[in-house]
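Please look through the sequence and the structure shown here before reading on. The paragraphs below then go through some parts of the structure in turn.

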Amino acid sequence: MTDHTRPRRRRNPVVLLLLLPLVAVLVPEIYNRASPSIGGMPFFYWYQLAWVGGVAVCAAIVYRATRSTR
Amino acid sequence: MTPPFSALEFGIVVAMFAVVTVLGFMATRWNRAASLASVEEWGLGGRRFGTWVTWFLLGGDLYTAYTFVAVPALLFGTGATGFFAVPYTIAVFPLVMFAAARMWSVCHEHGYATAADFVRGRHGSALLSLLVAITGIVATIPYIALQLTGIKAIVEVMGIGGDWPLWIAFIALAAYTWTSGLRAPALIAFVKDILIYLVVLIAIIYVPYKLGGYDVIFHRADTALTAKKLSTLLSGPQYLGYSTLALGSALALFLYPHAVTGVLATKNRNVVKKNMSLLPAYSLMLGFIALLGYMALAAHVKPVGGTAKAPDTNTIVPLLFNSEFPHWFAAIAFGAIAIGALVPAAIMGISAANTFARDIYRPYFRPGASDREEGLVSQIVSVILKLGAVAVIVGLKLSFAIEFQLIGGVIVIEILPPVVLGLYTRWYHRWALVAGWVVGMGLSIYMLWVTPSKTAAHFGSASFAFSTWGFHTKMTIWTGIVGVLANLIVATALTPLLARLPRGRDETSPADYEEAEAQPMPLGPGQARGSV
């Protein structure tokens with residue numbers, strides 16, 4: 001176990017980006033409707049599927065900003 | 001009507017199964033260690049898995065065969081509510097990204113192999129650790145049994161009567177898991193996921209093409225659901241139930257022993273965090289698989305199996321494949337789903353067995369047990385769990401297992417305060433956390449008890465109707481959220497009151513949770529090569 005005390009690490013504000021997909025998919029009021037539809041798929045479905053890409057991007061940005069470089 | 005037996009389909013599925021079995025036994029040579037006889041090596045693959053192996057392992061672990069058959073069945077049976085699986089598997093990654101990384105660091109530093117190990121070290125409480133261990137095992141057992149539903153649905157649709165295929169599948173699984181440990185499902189996950197991705201990609205293009213496009217599918221599905229007073233959109237009172245089910249399931253997912261095992265088997269903290277941005281690829285696949293439920297409605301698929309009154313809706317996806325695809329391709333899809341059941345079943349068996357060996361057998365039965373003995377106990381328990389799961393499915397009703405799995409998330413979320421809050425703070429008193437667990441678990445089980453379903457008086461659903469308590473509303477809430485809130489309130493309120501009682505000894509230090517110095521695990525001779 002390392003013994004030296006390290007300075008308290010400040011949270012990188014980029015981390016807040018993770019809140020975005022949470023709010024976007026956990027509040028059905030935002031997306032519970034049929035139109036506009038894409039290719040016959042109601043808004044309710046393609047909006048939530050699109051946020052799969054959204055969460056991947058947000059998580060990737062946060063990962064790059066906070067990963068250990070060593 | 002059950003489809004007729006097809007020798008071609010059967011032959012392809014058996015061949016795929018044979019290949020996977022050989023792979024399972026070969027996995028023992030992969031990334032070879034001096035000896036597999038310990039929880040570290042057998043149960044955690046030596047903690048050496050890199051980004052891609054972890055992606056396949058966790059993907060195969062969390063997105064189970066049950067998910068592939070049950071989620072479409074849910075949309076088929078209940079409409080829009082079933083789509084909760086998508087926000088659930090989106091919300092999980094932002095929620096657990098940092099907690100999982102902290103968990104990895106502290107467990108790596110102290111050699112913890114399970115959540116209960118961590119809780120004992122952090123809170124200095126044997127009782128709390130035991131509660132966490134038991135909670136995890138109880139929540140996992142029905143989950144293992146449920147993996148068989150995937151195989152059972154396939155067997156039914158292939159026109160085979162009897163339970164012998166389930167026994168053969170799980171005996172083979174138990175055999176190669178015994179020899180190879182976590183390396184077996186990690187290797188098989190590659191084959192399984194490549195097959196599943198291939199099948200899904202083709203299905204979501206070919207089936208809509210045959211049925212006339214997504215607009216026809218949604219239109220017909222909506223017509224079929226409206227006849228049952230359901231819809232492809234949520235109704236107002238369903239909002240709270242939908243979002244709490246998604247949020248709660250997301251919070252619960254990484255508390256399951258098999259998810260913890262997947263995280264701890266990685267070689268470093270970056271692998272864990274990186275995977276939180278790579279794993280959503282599975283959620284996209286899951287979303288499209290979910291829509292297969294509407295495609296089945298649009299294709300007028302009639303579920304088979306089960307009872308005449310309540311046929312087994314889990315059969316709709318295999319039936320859809322059978323009716324829309326040529327036999328040889330349907331067979332590949334069946335094989336993929338069946339293999340998809342083996343990967344999570346193996347990991348769940350291993351992780352629950354690790355928890356038993358580490359946190360129940362060693363502290364309570366054999367305090368002086370060697371690593372070798374502990375590993376052996378874990379191997380034996382893992383076999384018992386798998387064969388027990390088949391016995392449960394064959395001997396009891398399938399719906400029994402489904403009801404239990406439903407409450408699995410409600411049960412497992414009760415260990416969130418000692419585990420997840422424990423990763424961030426030492427403020428909570430160990431006895432307050434015990435009291436919180438007792439109250440939260442009691443309340444949850446009571447709420448599940450008073451919730452009827454169409455066929456049962458108790459444990460009917462994990463969605464609690466407020467009308468049970470006399471509120472004039474159709475609103476429901478996911479039971480686990482209420483239970484864990486009660487748990488948190490009790491733990492928080494009692495902590496200051498219990499200040500006079502001795503606190504547990506914390507063997508961890510704040511630095512253990514942060515990024516460690518670049519200090520790889522010491523590798524023995526011959527271990528350095530071949531790390532992926």
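Chain A has an average pLDDT of 84, and 83% of the residues score at least 70. Where pLDDT is low, the predicted coordinates should not be read in detail.

Chain A contains two helices and zero strands. Of its 70 residues, 30% are buried. Taking the contacts in chain A with a separation of 6 or more, 56% are between residues 24 or more positions apart.

Chain A also touches chain B. The contact draws 35 residues from chain A and 38 residues from chain B. On the side of chain A, helix 1 (19-26) and helix 2 (43-66) each supply at least two residues. Helix 2 of chain A gives the most, with 13 residues. By type, the chain A side divides into 23 nonpolar, six polar and six charged residues.

Within chain B, B:Asp117 is found in helix 6 (residues 115-123). Is B:Asp117 buried or exposed? B:Asp117 has 23 other C-beta atoms within 10 Å, and a residue counts as buried at 20 or more, so B:Asp117 is buried. Apart from neighbours within four places in sequence, B:Asp117 is in contact with B:Tyr112, B:Arg358 and B:Asp359. Between B:Asp117 and B:Cys107 there are 8.4 Å in space, C-alpha to C-alpha, and the two are 10 residues apart in sequence.

Further along chain B comes a pair of packed helices. Two packed helices are described by the angle between their axes and the distance between the axes. For helix 20 (residues 430-449) of chain B and helix 21 (residues 479-497) of chain B, the angle is about 155° and the axes are 7 Å apart. An angle over 145 degrees counts as roughly antiparallel, and helix 20 and helix 21 of chain B are therefore roughly antiparallel to each other. Their crossing is right-handed.

The residues that meet include B:Ala432, B:Trp437 and B:Met447 in helix 20 of chain B, and B:Thr479, B:Asn487 and B:Leu494 in helix 21 of chain B. Sorted by type, the residues of this contact between helix 20 and helix 21 of chain B comprise 16 nonpolar, eight polar and no charged.

Conventions: Residues numbered from 1 in each chain as written. Chains lettered and ligands numbered in written order. Predicted model: local features only at pLDDT ≥ 70, side-chain atom pairs only at ≥ 80, totals over all residues. Axes fitted to C-alpha atoms, helices over the stretch in contact; angles between N-to-C directions. Helix = DSSP H or I, 4+ residues; strand = E, 2+ residues; numbered from the N terminus. Parallel < 35°, antiparallel > 145°, perpendicular 65-115°, else oblique. Left-handed = near helix turned anticlockwise from the far one by under 90°. Contact = placed C-beta atoms within 7 Å. Nonpolar A, V, L, I, M, F, W, Y, C, P; charged D, E, K, R; others polar. pLDDT = per-residue confidence, 0-100. Buried ≥ 20, exposed ≤ 12 C-beta atoms within 10 Å, placed from the backbone.
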